[in-house]
Amino acid sequence: MREKGEWTMAERNDISFSVLMSIYRGGDAKSLDQSIKSLAEQTVLPTDFVLVEDGPLTPSLIKVIEKWQKDFPRPLRIFKLKHNHGLGIALSIGSRHIKSDWIARMDADDICCPRRFESQLNYICQHPEVAVIGGQIKEFTKDPKALTRSRQVPTSNRDIRQFIKWRCPFNHPTVMINRQRLNEVGGYLPFGTWEDYYLWARFAVKGYAMANLDQTLVLMRVDKELYHRRGKTNNLKYVMKLQKYMYQHGLINRFELITGDILNIGNIIIPVTVRRLLYQNLLRS
């Protein structure tokens with residue numbers, strides 16, 4: 001007799017899912033190769049793989065993509081944009097070309113743990129009401145064997161709805177999203193570097209069930225530019241718009257709105273060295 005929580009390959013294969021990735025010319029060819037390799041070595045493979053080229057790419061990136069278009073064990077479909085539009089628009093365009101039940105996000109410089117998709121599909125089989133399922137990450141700089149810190153996010157829907165008031169409740173490269181639910185909330189939208197946070201807020205407003213696994217699903221590459229990107233002043237308008245959206249839809253109260261505005265503005269205007277220490281020592285474990 002099968003133990004509770006164990007599912008046959010046939011049952012998992014009833015759930016179709018596609019990987020969605022975006023790459024731009026600033027990406028690193030070796031990192032992209034490692035990332036796609038980790039997808040090809042999954043214990044459960046996707047239905048297909050949708051790769052959006054967000055503007056013209058370097059010859060080294062093109063070479064990696066051409067190799068994997070031949071070698072990837074599932075269809076690798078490429079959509080080329082004439083100009084660089086940013087992640088939000090690239091993911092929006094890519095998601096429109098996906099017909100699978102689920103969309104599995106992956107970044108072009110991260111590495112999937114081998115059983116990532118298997119673990120997420122097992123959860124979906126047991127919790128068919130879930131609309132988004134993510135997991136934990138461990139970070140590295142150059143060598144994926146030399147892990148530095150981890151980012152832990154809450155696992156239950158209740159805790160996610162509390163966490164979202166103050167911080168992004170998902171590690172974006174780990175998530176699998178129900179395609180129908182994604183369309184119902186309006187899909188990916190351009191929102192500075194906060195397009196994923198805004199997306200989860202819209203899922204929360206709709207009352208959809210969300211969850212994170214308590215296991216590490218992705219090894220995430222972190223470079224020194226991360227702390228500069230978090231401090232870009234053009235993020236400020238998106239921070240304020242997100243806070244206003246959550247307040248207007250009852251996700252946060254007035255005190256949380258004011259406090260959140262102060263904290264987020266402070267995070268943007270502080271020196272990058274202070275921001276780095278804050279992220280490394282208080283927001284990571």
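User: Hi! Is Arg115 buried, exposed or partly exposed?
Analyst: Hello! In this predicted model, Arg115 counts as partly exposed, because its relative accessibility is 48% and exposed would need over 50%.

User: What does its side chain meet?
Analyst: The side chain of Arg115 forms a salt bridge with that of Glu118, at 2.8 Å from N to O.

User: And Glu118, buried or exposed?
Analyst: Glu118 has a relative accessibility of 10%, so it counts as buried.

User: How many salt bridges turn up in the whole structure?
Analyst: A search finds seven. One of them joins the side chains of Asp48 and Arg77, at 3.0 Å from N to O.

User: Where do Asp48 and Arg77 lie?
Analyst: Asp48 is in strand E2 (residues 48–54) and Arg77 in strand E3 (residues 76–81), so this pair ties together parts 29 residues apart in sequence. Asp48 is buried at 9% relative accessibility, while Arg77 is partly exposed at 28%.

User: Which residue does Arg105 pair with?
Analyst: Arg105 meets Asp107 in a salt bridge of 2.5 Å, N to O. Arg105 counts as buried, with 0% relative accessibility.

User: New topic: how many residues of helix H8 are buried?
Analyst: Ten of its twelve, so H8 is largely enclosed by the rest of the structure. Among them are Tyr197, Trp200 and Phe203.

User: What span should H8 have?
Analyst: Helix H8 covers residues 195–206, and at 1.5 Å a residue it should span 16 Å. Its end C-alpha atoms are 17 Å apart, which agrees.

User: And what comes just after H8?
Analyst: That's Gly207, which takes a positive phi of about 80°.

Conventions. Residues are numbered from 1 along each chain as its sequence is written. This is a predicted model: local features need pLDDT of at least 70, side-chain atom pairs count only at pLDDT 80 or more; totals for chains, interfaces and linings use all residues. Side-chain values use heavy atoms; hydrogens and water are left out. Helices (H or I, at least four residues) and strands (E, at least two) are DSSP runs, numbered from the N terminus. The expected span of a helix is 1.5 Å times one less than its number of residues. Buried means under 20% relative accessible area, exposed over 50%, partly exposed in between (1.4 Å probe, protein chains only). A salt bridge is a side-chain nitrogen of Lys or Arg within 4 Å of a carboxyl oxygen of Asp or Glu.
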